[in-house]
Structure formats: structure tokens, C-alpha cells
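Hi,

Here is the structure I promised to pass on. My notes follow below it.

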Amino acid sequence: MLTAVNKSLFSTIVGIAVASTLVTGAAHAETRLQIAYSNAAVYKAVHEGIAAKFMELHPDIKIEFRAPPRSYEELAQQLMRDKITGTLPDVAFNGINQLGLFMEQKLPVPIDSHAQADGGMEKLGYHPALAALGKRNDAQYGVPFAVSMPIVYVNSDLMSKAGVDVDSLTTWPAILAAGRAVDQKIGQPTAGFYFDWEQTGNWLFQALVTSNGGRMLADDRCEFVFGDARGMAALKILESFAKGGMRNLGQVPGREAFIAGGVGVWVSSSGFAATAEKMIGNKFKLKTLRFPVGTEKPQLPGGGAMALVLTTDKARQQAAWEYVKFATGGIGQAIMAKGTGYMPVNEAAVTTPELMGDYYRQFPNQATAIQQLPLLTEWASYPGPNSLKMIEVIKSYTEGLVTGSRTAEQAMPELLKDVKALSPRCGAQ
């Protein structure tokens, strides 16, 4: 598991030069890089902004984006098809949890030599714990591009009308009680509480497991180990949502309802925080809170996207590295963070005054995720070629729990049986 990030990660490190993001390599003139990403609703504007700035500074490298599919899973499937047809893009930005699958499919190339030529990952501004999200077998294969943590979004105006103290929403029972208060005192079409369980890659399911001190996988990243008491506690929390009256609004309708002022408490990704504040405007007072955790070694999986170099052409690899380095460097990360709400992965973005400066003092709702960084752990990548199928299996059981069609006791043995049936034999990969 990853070492916890120092609590003062972004506030105490100073003197990191923005110039490290501007170093140009010996890329061929007129190199055209094909870039793939997904989730255009979240990432399109920031990718285009980063590419435009990069091309101003690197006129010899042109960036071309492929049409983005809707989700990380869809892009993963597309990239595996591209490998078969020999049409892989030069760089891909996809879910952090897909690294294991991509490694098994031999898609990314190691970038250690490029990073070392520029002084190493730490000199470039990447904290070791964040850089470790992209490491496998002691080699650097990916660089985190956007990192999120699960947080609680609160409509403070609805809480006030329902007689709920916002600062009391630190546990699941308290959140459910607040949701019921909204339902009872305000009523439909307003919804008291919605948990965004459909998040890609079972991310919030994993958060419930790890926040209670549990783990999805053993150290070998092959055997599922969430069938213990900690994992059962996670299933019980999901079951309590149905019992507490949570309506299954759906991911997009749930988000839209919260933005419109129709949901009291919404639990989702911090990656939407900046967008939420812009869309909400003055409709209601928004406050974000930390994700509830247990008392025994709680951790939270870092969500978001990672940059991977896929081209095997050595000259193109240098150009691809220049783009990855820029997108994950100070300037690129400032564009990304301000445009989404995801946390910047490069300290230069935060510690350089002309980039983000006092941004988080101006927008404290976006700082909630950073406060949870000491709890950072990996977003588990499921083992074997059936990784994407396992995501769908776990998603179906999660839905059964939040809709009340299954109990935790019914779901756990069946869920374990189904995911293990899709798992490879450990040591046989």
C-alpha cells in the first residue's frame, strides 16, 4: 500500500521552478501527437486549454485529440482494440485504476529514462506518494494527471430549512438522518441524500471498504480480500442507504438535481468541485465536507486520470514525454485544477504564486480533498483480462444493495464467488 502523504504536502514545499515544465526536448520538427482521453464533459476544456498553451511553447509539436468516449472503461476497451489493429495513440489519459490492466496488455512504455534526464520525478515536482500511483515493478509507467478524493457536497440552505447543523455531518448515520429530515420537512421533488454509487471503476464502493480499514486486494494484487468484517461493514453502509430512504436517482440525474438545488447531501468525487461551484453560482450556499471514515487505519482511494506514453517509436516517445511532462507540470496542472476541481499532482502548480497562488483560500470547498491526502491509497486495479467485467459485476451488486433488493449478508458470498470466478490463478499470469 502507498505511504501516506505528508499533511503539509502542498503548503510547505517551496522554490520549485516552473521552468521544469517548460524544458523542451529534441523532438522531430512537425511531430504530430495523437492523444486519447475520455469523459469529455469533465476533461474536454482543460485538455484543449493545456494543448493550446503547450503548442505555443513547442511549435514543433502538434497535438491532435481523438474523439473521446464516455468513460474510462470505454477508452480502455478502445485502446485494447487499437493495440490489435496497430493504431494506438501516442499518449492516453485514462483512469488510474486501469494501470494494472494496461500493464497486462503491455500497452504503456516506461518513462524512467526521460524523467531521469530531466532530473527525476521529485525534481520535476511530483511527490513520491503521488508518483507511486503510476509505478509497477519499480518502474514508472504513468504520471497522475488529475487526482480526486471522495467528498460530501452539502446544500447548506436545505440543511438550514430542515434544522440540520452542517458541521455535524461527519458520519453515515448523521448524513442519513439529515437526508430524512429534508425528506420529511421539505418533501419531494427534493431528495434528502444521494450517494453517487455508479462512479467509474467501483471507486466509491472501494472507498467504503478502505475507509473502514479494509482492502480490496492482497499485496500481490491478485487475490480479493474484501470479504472480511471491514468489507462487510462497507456493504452494510450501502444497505443502510436503501433502508434510510435514499432514492436511486441515477448518476447524471443525481448530479443535475444537486446542482439545481434539489438534493440536500450528495456524495461524489472532488473532481467536480470547481464545476459545481460555477454551475451553482448564487442558487444556494454550497459546502463540502470530508468523506466519513472509520477509526482503524482508514484510507481513501485516489481517483482520477493518469497519463501514459504508448508509442514505441523512440523519437515520438520524446515528444510524448514533453507533452505528458507539461500536462502534469505546473502550468498544465493549474489549468486542470481550476477547470475541474481535481487536485493538482505537481507541487509547482500550488506553490508558484503566478499559477494558483492563494486559489484554495479563495475556494475552500475545493481544498477539502487536499485535507484528506494523508489517507491516500491506490484505486485498486482488478487482476487479469476480466478486469472490466469485474467492475460490472461489483456494480450490479452495489445497485442491489442501494435499491434494497439484496442485503449485505446475501450479497457478500455471491459477490465474492462471482469476482473470484473471473480472477486469474495467482502466480499464473
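**Findings**

The charged end of arginine 255 sits over the ring of phenylalanine 272, 5.4 Å from its centre. The criterion is NZ of Lys or CZ of Arg within 6 Å of the ring centre and within 35 degrees of the ring normal.

Some ground rules. This is a predicted model, where local features need pLDDT of at least 70 and side-chain atom pairs pLDDT 80 or more, while totals for chains, interfaces and linings use all residues. Numbering starts from 1 along each chain as its sequence is written, and side-chain values use heavy atoms, without hydrogens or water.

Aromatics next. There are 24 aromatic pairs in the structure. Rings of Phe, Tyr and Trp (its six-membered ring) pair if their centres lie within 6.5 Å; planes under 30 degrees apart are stacked, over 60 edge-to-face, the rest tilted. Phenylalanine 224 and tyrosine 382 form a tilted pair, 5.6 Å centre to centre with 55 degrees between the planes. They are 158 residues apart, so this pair links distant parts of the chain. Both are buried (under 20% relative accessible area; exposed is over 50%, partly exposed in between; 1.4 Å probe, protein chains only). One aromatic cluster is formed by Tyr43, Phe54, Phe93, Phe145, Tyr323, Phe326 and Tyr342.Helix 2 covers residues 40–57. Helices (H or I, at least four residues) and strands (E, at least two) are DSSP runs, numbered from the N terminus. Tyr43, Val46, His47, Ile50, Ala51 and Phe54 are buried in helix 2. These buried residues fall within an arc of 140 degrees seen down the axis, so they line one face of the helix. The arc is taken from the directions from the helix axis to the C-beta atoms. Ala41, Ala45 and Glu56 are exposed on the face turned away.

Strand 12 (residues 303–309) has seven of its seven residues buried. Strand 3 (residues 91–95) pairs with strand 12 in the antiparallel sense over five bridges; pairing needs at least two DSSP bridges. Phenylalanine 93 has alanine 307 as its bridge partner in strand 12. Strand 6 (residues 142–148) also runs antiparallel to strand 12, joined by six bridges. There, valine 147 stands opposite glycine 304.

Last, charges. The count is 17 salt bridges (a side-chain nitrogen of Lys or Arg within 4 Å of a carboxyl oxygen of Asp or Glu). Glutamate 239 meets lysine 236 at 4.0 Å, N to O, and lysine 243 at 2.8 Å, N to O. Glutamate 239 is buried at 6% relative accessibility, whereas lysine 243 is exposed at 67%. A salt-bridge network links Lys236, Glu239, Lys243 and Glu409.

Best wishes

Technical notes. The expected span of a helix is 1.5 Å times one less than its number of residues.
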